[in-house]
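Please open the model in your viewer and keep the sequence panel beside it. The tour below goes from one selection to the next and says what is to be found at each stop.

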Amino acid sequence: MIITKKQNNYIPGTCNIGFEESESRKTFGLTWLIVSTAILASIIFLKLPNYYAIALSIPIFFSSIGLLQSQQKFCAYYGLHGRYNFEKLGNALKVQEEKLKKKDKEKAVQLIIISAIASLALTALAFLALNYL
């Protein structure tokens, strides 16, 4: 699903943010990707022990959750708290129906779990790769 600047359709469990919110999460994700890369480069260039790769897990999680939310057009925080926003940043509205809130919470938990798995996998991969440098 592609969300344009003009589109403003809340779809429970599928889409709860518009263009500006999505772009904000993309910026967040890319920023943490840069932080992750800087940490990895520091570990390599400073020749730190490979267990320092554990420090990558949090920034990789933040990067993953930000980019995933942007791509999915769904904010996990809004989903967990029964909100959505297709207007200016920070102007979230409340979801009224409990059935719709439940769908949003399920999607939010799904995004968090996917991001956690990605973080663990990429951190483990970095840890293993550092053994060969």
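This is a predicted model: local features need pLDDT of at least 70, side-chain atom pairs count only at pLDDT 80 or more; totals for chains, interfaces and linings use all residues.

Residues are numbered from 1 along each chain as its sequence is written, and side-chain values use heavy atoms, with hydrogens and water left out.

With the C-alpha trace of the protein chain displayed, its span along the principal axes is about 55 × 25 × 20 Å. Of the 133 residues of the protein chain, 33% count as buried, where buried means under 20% relative accessible area, exposed over 50%, and partly exposed in between (1.4 Å probe, protein chains only). Among contacts between residues at least 6 apart in sequence, 73% join residues at least 24 apart, a contact being heavy atoms within 4.5 Å.

Next, select helix α1 (residues 19-45) together with α2. Their axes come within 7 Å and cross at roughly 155 degrees; axes are lines fitted to C-alpha atoms, for helices over the stretch in contact, and angles run from 0 to 180 degrees between N-to-C directions. The two helices α1 and α2 are therefore roughly antiparallel to each other, given that angles under 35 degrees count as roughly parallel, over 145 as roughly antiparallel, 65 to 115 as roughly perpendicular and the rest as oblique. The crossing of α1 and α2 is left-handed, the term for a near helix turned anticlockwise from the far one by less than a right angle, with right-handed used if it is turned clockwise. Show side chains for the residues that make this contact, including Phe28, Trp32 and Ile39 of α1 and Phe62, Ile65 and Gln69 of α2. By class, the contact of α1 with α2 has eleven nonpolar, seven polar and two charged residues; Ala, Val, Leu, Ile, Met, Phe, Trp, Tyr, Cys and Pro count as nonpolar, Asp, Glu, Lys and Arg as charged, and the others, Gly among them, as polar.

Now centre the view on Gln69, which is in helix α2. Is Gln69 buried or exposed? At 8% relative accessibility, Gln69 counts as buried. Its side chain reaches the backbone nitrogen of Ala76 at 2.6 Å, a polar contact being a pair of N or O atoms within 3.5 Å, of which, within protein, one must be able to donate a hydrogen and the other to accept it, with residues adjacent in sequence counted only if both atoms are side-chain atoms. Leaving aside neighbours within four places in sequence, the contacts of Gln69 include Ile17, Arg25, Tyr77 and Leu111.

Move along to Thr123 in helix α4, which counts as buried at 9% relative accessibility. A polar atom of the Thr123 side chain lies 3.5 Å from the backbone nitrogen of Ser57. Beyond its neighbours within four places in sequence, Thr123 is in contact with Ala53, Ile54, Leu56, Ser57 and Ile60.

Two loop residues come next. Most residues other than glycine have a negative phi. Lys47, in the loop between α1 and α2, has a positive phi of about 55 degrees although it is not a glycine, and Lys47 counts as exposed at 73% relative accessibility. Lys73, in the loop between α2 and α3 (76-80), also has a positive phi of about 55 degrees without being a glycine, but Lys73 is buried, with a relative accessible area of 15%.

Finish at Leu133, in the segment after α4, which is exposed, with a relative accessible area of 71%.

Conventions. Helices (H or I, at least four residues) and strands (E, at least two) are DSSP runs, numbered from the N terminus.
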